[in-house]
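Please look over the model below with these notes beside it. They are meant to be read point by point against the coordinates.

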Amino acid sequence: MEIGLNHYLVLSTILFAIGLVGVMRRKNLLMLFFATEILLNSVNISFAAISHYYGDLTGQMFAFFVIAIAASEVAVGLGLLIVWHKKHNNIDLDSMSTMRG
Amino acid sequence: MELFLYTALFSPLVGSLFAALFATSKKTKIAGIVPSALLGISLISSFILLISVLTTKETVHVELMTWMATGNLYIPFGFVVDQVSVTMMMVVTLVSTVVHVYAIGYMDHDKGFNRFFSWLSAFVFSMMVLVMSDNFAGLFIGWEGVGLCSWGLIGFWYHKESATWAANEAFIMNRIADLGMLIGIFLVYWNTGTLQYEQAFAVMPSLEIDVLTWIGIFLFIGAMGKSAQFPLHTWLADAMEGPTPVSALIHAATMVTAGVYLVVRASPLYDLIPSVGLFIASLGAFVALFAASMALVNRDMKRIIAYSTLSQLGYMFVAAGLGAYWVALFHLMAHAFFKALLFLGAGNVMHAMHDELDPFKMGGLRKVMKGTFVMMTIASVALAGIFPLAGFFSKDLILEVAFVENHYIIYCVLLFTAGLTAFYSFRLVALIFHGEERYKLFGIHPHEAYKFMLIAMSPLLLLAIIAGSFKLSYFEMITNLLPAIEYHIHHPVTYWIMTIGTQLFVGLSILYAYKKYTSRDIKVPDGTSKMENSFGYKLLINQYYIPRFYEEYIVKAYRELSDIFWTKIDQKVVDATVDGIANVFYQTGERTRVMQSGNLSTMLKWMVAGTVALLSLAVVFGLAARYSGEMKTFLSGLGV
């Protein structure tokens with residue numbers, strides 16, 4: 001069986017769903033970052049697959065941008081996370097409620 | 001000539017703004033002197049314009065700028081100096097210059113000195129706009145402007161409850177009338193398509209008589225308010241709460257005559273509808289008698305003069321209503337001079353008596369106030385219409401008009417009123433200046449006014465004496481614009497009988513008043529004498545119970561109605577609706593604020609929910625767009 005576009009898209013969808021569930025369910029901030037990464041990369045997979053399918057490089061370019069931005073985002077996020085951990089000694093989401101309306 | 005026109009028009013405005021600069025600071029003489037000087041300039045400019053109109057017989061017409069121009073509507077700030085408006089300009093600037101100079105002395109001790117002059121000059125400017133405008137819209141601006149300034153000046157002593165009440169009364173009554181006037185102006189525009197006097201009056205003869213009648217009636221309602229004709233007359237007597245110079249300028253010489261001016265200005269219209277003219281004349285005659293009767297018994301010096309003004313306005317409306325426009329204008333002019341003089345004299349007396357207004361508490365003042373005594377006596381003689389003073393020429397002319405036009409009832413009413421006029425004028429003079437010095441009982445030490453105040457009054461004195469001699473030249477000038485009808489009683493015998501008869505009647509009234517009120521046993525009435533308890537006296541002193549009637553049946557009813565509207569409609573419907581809308585948002589906010597728990601996890605869930613919702617929408621719309629053709633065929637197949 002040849003692996004075609006649909007397979008990639010299904011994979012991407014499954015990964016996206018996993019990421020989404022992770023975003024919703026996880027209470028650990030670190031885990032949340034992982035879930036976000038999964039989300040972003042699932043999108044990258046579809047970008048790359050569709051780009052290949054159409055023979056248009058724009059999608060792959062976009063995927064590179066996403067990777068770059070995700071890297072910087074994680075760098076900043078992890079920095080904040082470490083500071084938070086030093087201050088409060090935990091990284092539980094439920095303890096972060098200073099933005100309560 | 002344009003330069004003089006603009007100078008005459010705008011120098012009062014400059015004066016007003018100048019005085020307004022000092023409005024909140026302490027009293028400075030300059031705030032009175034500069035506006036007075038500027039008014040003097042305005043007077044000179046008006047005089048030059050008068051000479052020019054007299055000699056060249058040409059009118060000056062300028063357009064300052066466009067005010068409104070949309071579609072077919074074109075209203076400029078246009079001003080015209082013709083025979084009618086130049087008469088009014090002369091009267092207004094002359095009397096107001098005199099009053100301004102006089103007021104420098106009169107308001108000397110008042111804290112609001114600067115504010116007073118600002119208002120007073122603003123009034124003169126509005127009045128000039130009113131009389132000089134070449135269209136109804138400009139007239140209306142001036143009309144409202146004088147109303148506003150009148151409000152500010154009647155309520156000048158705003159710490160007095162009665163003054164503010166009177167100011168509001170005058171303003172509200174004028175608003176009621178102004179509505180009529182506005183409707184009249186709308187009708188003019190609707191039917192003629194323009195508000196310029198010349199063009200509108202040129203179209204009018206081709207209009208239907210019904211339309212013209214309505215226009216005439218509505219415009220006259222406006223005039224009734226400003227000129228305080230029955231039934232909108234009550235504000236004028238109450239307006240005497242204002243400072244006396246204000247009464248002299250606004251409520252005797254200028255603003256209240258604006259109604260007469262309007263009727264004269266609209267003479268081409270009223271010529272077409274003689275039935276409305278007859279109504280105006282009848283109402284005028286009624287008001288003349290009605291007001292004079294109230295003046296007979298009143299015990300307030302200024303109110304007596306106010307009723308006299310009302311009565312004389314009635315005379316003017318008789319003349320204007322019967323088509324004798326130039327006679328109305330002539331009486332307006334003569335009346336302005338002697339009535340302003342009378343008021344200013346009354347102001348002197350008031351100052352001397354420390355604001356006492358009851359003439360019964362005065363008496364014998366001629367010894368201490370010679371100048372004022374002479375002036376007020378001459379003004380009263382002029383008012384009574386004794387030969388050869390101003391009143392004789394103007395007022396007797398109105399009687400002749402009524403006679404020649406065969407309105408004998410009006411003639412008799414006016415003749416009788418002339419007697420009453422003489423009686424109440426000299427009742428006042430006798431009570432103030434003759435007889436026992438009753439003021440000593442009240443421990444008052446009267447003194448004559450400043451010399452310059454008397455000098456300021458002297459031009460009015462001169463004019464009150466000689467204004468009658470202008471009659472022929474005035475007739476020649478004014479009839480370039482207004483219908484030239486000479487009112488002569490053809491038979492010389494009838495003429496002489498009438499003239500001498502009138503003079504005798506008036507003279508006897510004066511003698512009777514003197515005899516009755518100079519006697520030694522005049523006491524301050526205390527409500528016990530037989531006359532004071534008679535029905536007629538009570539009726540007159542209570543002004544025919546009209547103010548009370550208004551209070552009971554209009555003011556109270558209106559208040560009740562307002563109360564109902566307030567509690568039932570405003571609170572229960574309007575407020576409830578607005579509060580309801582606000583509540584919806586408030587409640588929505590209250591409910592949805594739980595979303596903002598501050599818990600990141602919850603927020604992320606909401607975010608996901610939002611993404612899902614948006615995605616589903618995108619899918620639904622995408623499908624709908626794609627299959628719209630099929631949907632249509634499907635729906636039409638179902639017969640929708």
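This is a predicted model: local features need pLDDT of at least 70, side-chain atom pairs count only at pLDDT 80 or more; totals for chains, interfaces and linings use all residues.

1. Residues are numbered from 1 along each chain as its sequence is written, and chains are lettered from A and ligands numbered from 1 in the order in which they are written.

2. Overall make-up. Chain B holds 25 helices and two strands, where helices (H or I, at least four residues) and strands (E, at least two) are DSSP runs numbered from the N terminus. The C-alpha trace of chain B spans about 105 × 60 × 50 Å along its principal axes. Of the 640 residues in chain B, 48% are buried; a residue is called buried if 20 or more other C-beta atoms, placed from the backbone, lie within 10 Å of its own, exposed if 12 or fewer, and partly exposed in between.

3. Contacts. Two residues are in contact if their C-beta atoms, placed from the backbone, lie within 7 Å. Among the contacts in chain B with a separation of 6 or more, 81% are between residues 24 or more positions apart. Towards the other chain, 10 residues of chain B are in contact with 12 residues of chain A, and the chain B side comprises three nonpolar, five polar and two charged residues. Here Ala, Val, Leu, Ile, Met, Phe, Trp, Tyr, Cys and Pro count as nonpolar, Asp, Glu, Lys and Arg as charged, and the others, Gly among them, as polar.

4. A helix pair. Helix H4 (residues 113-132) and helix H5 (residues 136-154) of chain B pack at an angle of about 160° with their axes 7 Å apart, the axes being lines fitted to C-alpha atoms over the stretch in contact and the angles running from 0 to 180 degrees between N-to-C directions. H4(B) and H5(B) are therefore roughly antiparallel, a label for angles over 145 degrees. The residues that make this contact include B:Trp119 and B:Phe123 of H4(B) and B:Trp143 and B:Cys149 of H5(B), and by class they divide into 13 nonpolar, five polar and no charged.

5. A bent helix. Helix H23 (residues 546-592) of chain B has a kink of about 45° centred on B:Asp570, the bend being the angle between axes fitted to the seven residues ending there and the seven starting there. Of the 47 residues of H23(B), the number buried is zero, so this helix lies largely in the open.

6. Backbone points to check. A cis peptide bond joins B:Phe230 and B:Pro231, with omega about 5°, and B:Pro231 is in the loop between helix H8 (209-226) and helix H9 (234-238). Another cis peptide bond joins B:Phe387 and B:Pro388, with omega about 0°. Although B:Lys57 is not a glycine, its phi is positive, at about 60°; B:Lys57 is partly exposed, with 13 other C-beta atoms within 10 Å. B:His354 likewise has a positive phi, near 55°, and is exposed, with 12 other C-beta atoms within 10 Å.

7. Which residues does B:Asp238 contact, leaving aside its neighbours within four places in sequence? They are B:Ala166 and B:Glu169. B:Asp238 is in helix H9 of chain B and is buried, with 21 other C-beta atoms within 10 Å.

Terms used:
Angles under 35 degrees count as roughly parallel, over 145 as roughly antiparallel, 65 to 115 as roughly perpendicular and the rest as oblique.
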